[in-house]
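Please open the structure in your viewer and keep the selection tool at hand.

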Amino acid sequence: MSWPVLSQPRPLVVSSADAEWASGICECCDDMRECCFACWCCPCFACKTSRRYGQCLCLPLLDVLSCVRPITMSMRVSVRQLYGIRGSVCRDCVCSTFCPACVWCQISRELKKRKLPTTLGDIIHR
């Protein structure tokens with residue numbers, strides 16, 4: 001006999017101390033090499049960052065099929081939820097649509113700053 005599910009699992013929040021992004025959407029001054037890489041070859045940079053986040057290496061390449069970038073947006077939402085960062089899906093959509101390279105740079109900076117496990121497997125094995 002199986003029991004019905006009465007509630008959905010809550011998202012895992014690793015840290016919510018800051019509740020803000022570590023850097024703004026256009027703050028690439030700290031690492032100009034990374035910023036240039038993202039601007040000149042955003043698909044390659046997005047794949048590298050996606051892999052570092054624990055996702056499929058080629059996942060960001062699906063963005064080329066749409067004018068709204070669903071993978072870029074979902075990765076931004078995922079990082080925001082994982083670290084308890086305030087924001088909205090609407091803002092994530094606007095940023096991802098009009099400046100995907102900046103979004104990937106921001107995600108990369110956030111992952112570097114937090115230095116926390118980024119996949120559930122990393123959290124369990126820690």
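The model is predicted, so local features are described only where pLDDT is at least 70 and side-chain atom pairs only at pLDDT 80 or more, while totals for chains, interfaces and linings use all residues. Residues are numbered from 1 along each chain as its sequence is written, and side-chain values use heavy atoms, with hydrogens and water left out.

**Stop 1: H1 and H2**

Two packed helices are described by the angle between their axes and the distance between the axes. Select residues 32-40, helix H1, together with residues 42-52, helix H2. Helices are DSSP runs of H or I with at least four residues, and strands are runs of E with at least two, numbered from the N terminus. The axes of H1 and H2 are 5 Å apart, at an angle of about 120°. An axis is a line fitted to C-alpha atoms, for helices over the stretch in contact, and angles run from 0 to 180 degrees between N-to-C directions. H1 and H2 are therefore oblique to each other; angles under 35 degrees count as roughly parallel, over 145 as roughly antiparallel, 65 to 115 as roughly perpendicular and the rest as oblique.

Next, display the side chains of the contact (heavy atoms within 4.5 Å). H1 contributes Glu34, Phe37, Ala38 and Trp40, and H2 contributes Cys42, Cys44, Phe45 and Lys48.

**Stop 2: an aromatic pair**

How many aromatic pairs does a search of the whole structure find? It finds one. Rings of Phe, Tyr and Trp (its six-membered ring) pair if their centres lie within 6.5 Å; planes under 30 degrees apart count as stacked, over 60 as edge-to-face and the rest as tilted. Select Phe37 and Phe45: their ring centres are 5.4 Å apart and their planes stand at 85°, so the pair is edge-to-face. Phe37 is partly exposed, with a relative accessible area of 32%, whereas Phe45 is buried, at 0%. Buried means under 20% relative accessible area, exposed over 50%, and partly exposed in between (1.4 Å probe, protein chains only).

**Stop 3: H3 and its partners**

Select helix H3, residues 70-82, with helix H4, residues 89-98. Their axes are 9 Å apart, at an angle of about 135°. H3 and H4 are therefore oblique to each other.

On the side of H3, the contact is made by Thr72, Met75, Arg76 and Val79; on the side of H5, by Pro100, Val103, Trp104, Gln106, Ile107 and Glu110.

**Stop 4: Val79**

Select Val79, which lies in helix H3. Is Val79 buried or exposed? Val79 is buried, with a relative accessible area of 0%. Not counting residues up to four places away in sequence, Val79 touches Trp21, Tyr53, Ile85, Ile107 and Glu110. Val79 and Leu111 are 32 residues apart in sequence, and their C-alpha atoms are 8.4 Å apart in space.

**Stop 5: Ser23**

Finally, select Ser23, in the segment before H1. Ser23 is buried, with a relative accessible area of 9%. Apart from neighbours within four places in sequence, Ser23 is in contact with Gln106, Arg109 and Glu110. Ser23 and Cys105 are 82 residues apart along the chain, with 9.7 Å between their C-alpha atoms.
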